[in-house]
2 protein chains.
Amino acid sequence: MTKRTAYDEKLERILRVAADIFARKGYHQASIRDIARATEVSLSGLYYYFDSKEELLFLIQDHAFGTLLRRLDRVLAREEDPRRRLHLLIENHLRFFIGNMAEMKVLSHEADSLSGEFRRIVDTKKRRLTLAARSILEELNPDPAVDLRTATFALFGMMNWIYNWYREDRDMPPEELAEHMTQLFLGGFLQEGNLDNVPSGDPSAEGDTRIWSSGPG
Amino acid sequence: MTKRTAYDEKLERILRVAADIFARKGYHQASIRDIARATEVSLSGLYYYFDSKEELLFLIQDHAFGTLLRRLDRVLAREEDPRRRLHLLIENHLRFFIGNMAEMKVLSHEADSLSGEFRRIVDTKKRRLTLAARSILEELNPDPAVDLRTATFALFGMMNWIYNWYREDRDMPPEELAEHMTQLFLGGFLQEGNLDNVPSGDPSAEGDTRIWSSGPG
DNA sequence: GATAGCTTGCATCGAACGTTCGAACTCCCT
DNA sequence: AGGGAGTTCGAACGTTCGATGCAAGCTATC
């Protein structure tokens with residue numbers, strides 16, 4: 001059924017190039033003229049493939065999120081152990097993120113730039129992803145003192161923030177990064193087994209030694 | 001020295017209102033006319049307080065970051081224990097973040113909107129904050145297998161992401177959130193003492209499913 | 001009541017923006 | 001060879017933007 005027409009291919013090319021530009025300059029900064037120049041399609045010619053700049057943004061986001069979710073479903077389908085499921089979710093997320101930095105930056109950064117029906121559709125997909133993560137965390141039977149909402153968003157924060165710092169030529173590949181983050185999230189930063197409560201301030205503290213003093217008094 | 005003139009107060013009010021607008025509409029979306037309307041200062045009147053829209057954005061970011069760093073210095077000065085220092089950093093960060101959501105959203109979201117000298121100055125402050133966190137993590141003597149760069153940015157991701165989900169009326173106050181995140185980061189999601197490595201796949205498992213395919217080759 | 005700092009309204013500039021429209025081109029089916 | 005649908009284009013529209021200039025008025029301090 002889904003025949004691969006020339007139309008489809010050109011549209012996908014436009015989406016890819018536009019995502020790059022949106023990622024680099026920001027959605028509102030980037031002009032349709034920029035995209036026309038980069039795609040080598042005329043200004044008016046672009047409007048044959050979408051009705052408005054906002055729809056173009058929507059198509060990028062929806063396509064990216066759809067792919068991410070589809071892969072997640074596929075990957076999670078054949079694993080039951082909660083820890084491994086968490087690891088798979090993180091790996092899937094990071095792999096796709098790093099492999100499609102532009103799209104994912106647009107997704108993270110321009111969430112508010114959509115409105116109306118466009119916004120609703122993307123938000124629904126986002127919610128599905130959040131719930132998937134949350135339900136895995138539930139399966140893990142965490143310390144009941146842990147707030148699940150906080151933990152879920154902490155996890156996504158950890159993962160999604162990478163577009164602010166990750167460099168392919170400098171940082172480890174996604175699979176390795178996924179291991180690190182899984183380990184970290186499941187309690188891996190300090191190796192020591194005993195984790196008594198994080199200390200609250202001790203009133204009998206020492207003098208006024210400023211250990212880390214870098215800045216203005 | 002620093003006398004509190006009417007000029008200063010009005011400027012700060014402008015910065016505050018402008019931050020609100022930038023946070024809500026985005027920097028490029030918001031017009032100087034929007035800010036004139038909201039501050040009830042005339043269009044030309046605004047330009048008495050800054051020379052360009054970009055400088056206005058810079059003033060907001062620099063002021064917010066400056067305050068954050070100043071408070072951090074003060075708070076860390078009287079604590080030596082690395083765990084408590086980490087807790088203080090997180091608490092300071094979240095408290096300021098949540099108390100100044102608009103400014104911090106602008107800071108996180110419009111980092112790329114500055115250029116030249118403005119950009120340089122803000123980047124320097126950002127770097128100082130990153131290094132402060134990193135050096136505390138070093139003091140903690142973590143599992144040497146942990147990559148410090150990754151861990152540092154994971155921590156900031158966890159914290160900075162909150163502007164995407166935190167609601168004052170729904171979520172816990174910053175102090176409590178700081179405890180949760182400190183606990184989480186130091187290894188608190190699962191309570192169990194023994195954290196053997198995150199499971200690598202058990203070869204005796206089901207069929208040919210690749211359970212945990214990590215790492216290149 | 002003069003002086004300096006601050007503020008206003010209004011008019012205007014050039015540049016850039018998203019979008020539209022009718023004409024033209026290309027390709028395939030007959 | 002011809003026709004029609006699908007695709008592409010150049011040119012232009014109307015609007016908004018950041019920024020500036022200017023004459024006038026306000027207000028507080030000496």
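**Terms and their grounds**

Tutor: B:Arg95 has a relative accessibility of 40% and therefore counts as partly exposed, since buried means under 20% relative accessible area, exposed over 50%, and partly exposed in between (1.4 Å probe, protein chains only). This is a predicted model, in which local features need pLDDT of at least 70 and side-chain atom pairs count only at pLDDT 80 or more, while totals for chains, interfaces and linings use all residues. Residues are numbered from 1 along each chain as its sequence is written, chains are lettered from A in the order in which they are written, and side-chain values use heavy atoms, with hydrogens and water left out.

Student: What makes B:Arg95 and B:Glu175 a salt bridge?

Tutor: A salt bridge is a side-chain nitrogen of Lys or Arg within 4 Å of a carboxyl oxygen of Asp or Glu. The N to O distance here is 3.4 Å, so the pair meets the rule.

Student: Why are they said to link distant parts of the chain?

Tutor: B:Arg95 lies in helix α5 (residues 82-99) and B:Glu175 in helix α9 (residues 174-188) of chain B, 80 residues apart. Helices are DSSP runs (H or I, at least four residues), numbered from the N terminus.

Student: Why is A:Arg74 called exposed?

Tutor: Its relative accessible area is 53%, and therefore it passes the cut-off for exposed. A:Arg74 lies in helix α4 (residues 53-76) of chain A.

Student: Which residues of chain A and chain B are linked in a network of salt bridges?

Tutor: They are A:Lys105, B:Asp112, B:Arg119 and B:Asp123.

Technical notes:
Helix = DSSP H or I, 4+ residues; strand = E, 2+ residues; numbered from the N terminus.
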